[in-house]
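Biologist: Could you show me how to read side-chain features in a model like this one? I would like the general idea and then the case here.

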Amino acid sequence: PALVNRIDRNTSGIVIAAKTAEALRILNAKLKQREIHKYYLCIVHGRMERPEALLEGYLEKNEAQNRVYISDRAKEGALSIRTHYRVLEARGSLSLLEIELLTGRTHQIRAHLASIGHPLLGDGKYGTNALNKGTGFRKQALCSYKLAFDFRTPAGELDYLNGRVFTLDDVPFVRAFRNGEIEKA
């Protein structure tokens, strides 16, 4: 068995694992070809300007700081990123978003949202602990909650996955948000 994808430490949710070398090869190719769609739920500080948008930019990795930086201009060593968000709900000064990760870069969701002024609830690296104070929430509110298999090319022994969608039905921070247990005026 081998992991096909990974999620950041302190992020919860679904990861893909392959049981055979052939399955690993196929799944890696499908991820690279963007035939597997990855969706996340998160809570961010603030209310989004638009109910839905495609964010585009460039991500530059700083290995020494274990951190990434987002820019709206291309520069040497920076990778292009695309993050689609949709607002599901807003409460006080917090918003619950569904994110479709169109490129999968290190810390992409966390850094991209923070770069537009909406850091994730509980994220002390790209947000600030001062923002998180008073919410009653001390964890990073980010969960890989849905995978959709949309094969446009043959997948061999994994063809049976085409059209399948796997979803986590209960994400604890979403439940807490909807129940009014996480609020910030």
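Biologist: Is Phe149 buried or exposed?

Modeller: Buried means under 20% relative accessible area, exposed over 50%, and partly exposed in between (1.4 Å probe, protein chains only). Phe149 is buried, because its relative accessibility is 7%. Please keep in mind that this is a predicted model: local features need pLDDT of at least 70 and side-chain atom pairs pLDDT 80 or more, while totals for chains, interfaces and linings use all residues. Residues are numbered from 1 along each chain as its sequence is written, and side-chain values use heavy atoms, leaving out hydrogens and water.

Biologist: How many aromatic pairs are there?

Modeller: Rings of Phe, Tyr and Trp (its six-membered ring) pair if their centres lie within 6.5 Å; planes under 30 degrees apart are stacked, over 60 edge-to-face, the rest tilted. The structure has two such pairs. Phe149 and Phe151 are edge-to-face, because their planes meet at 80°, with ring centres 5.9 Å apart. Phe151 is also buried, at 7% relative accessibility. Phe149 makes another edge-to-face pair with Phe166, with 5.8 Å between centres and 90° between planes. That pair links distant parts of the chain, 17 residues apart: Phe149 is in strand β9 and Phe166 in strand β10 (residues 165-167). Strands (E, at least two residues) and helices (H or I, at least four) are DSSP runs numbered from the N terminus. Phe166 is partly exposed, at 30%. Together, ring pairs link Phe149, Phe151 and Phe166 into a cluster.

Biologist: What sits over the ring of Phe151?

Modeller: Look for NZ of Lys or CZ of Arg within 6 Å of the ring centre and within 35 degrees of the ring normal. Over Phe151 you will find the charged end of Lys30, 5.1 Å from the ring centre. Arg91 likewise lies over the face of Phe177, at 5.6 Å from the centre of that ring.

Biologist: How many salt bridges are there?

Modeller: Side chains of opposite charge can pair when their charged atoms come close. The test is a side-chain nitrogen of Lys or Arg within 4 Å of a carboxyl oxygen of Asp or Glu, and the count is twelve. One of them joins Asp8 and Arg110, with 3.6 Å from N to O. Asp8 lies in the loop between β1 (2-3) and β2 (12-13) and Arg110 in helix α2, so this bridge ties together parts 102 residues apart in sequence. Asp8 is buried at 15%, and Arg110 is buried at 7%.

Biologist: How many disulfides does the search find?

Modeller: A disulfide needs two cysteine sulfur atoms within 2.5 Å, and a search of the whole structure finds zero. The closest cysteine sulfur to that of Cys42 is in Cys143, 10 Å away, so the two are too far apart for a bond. Cys42 is buried at 0%, and Cys143 is buried at 2%.
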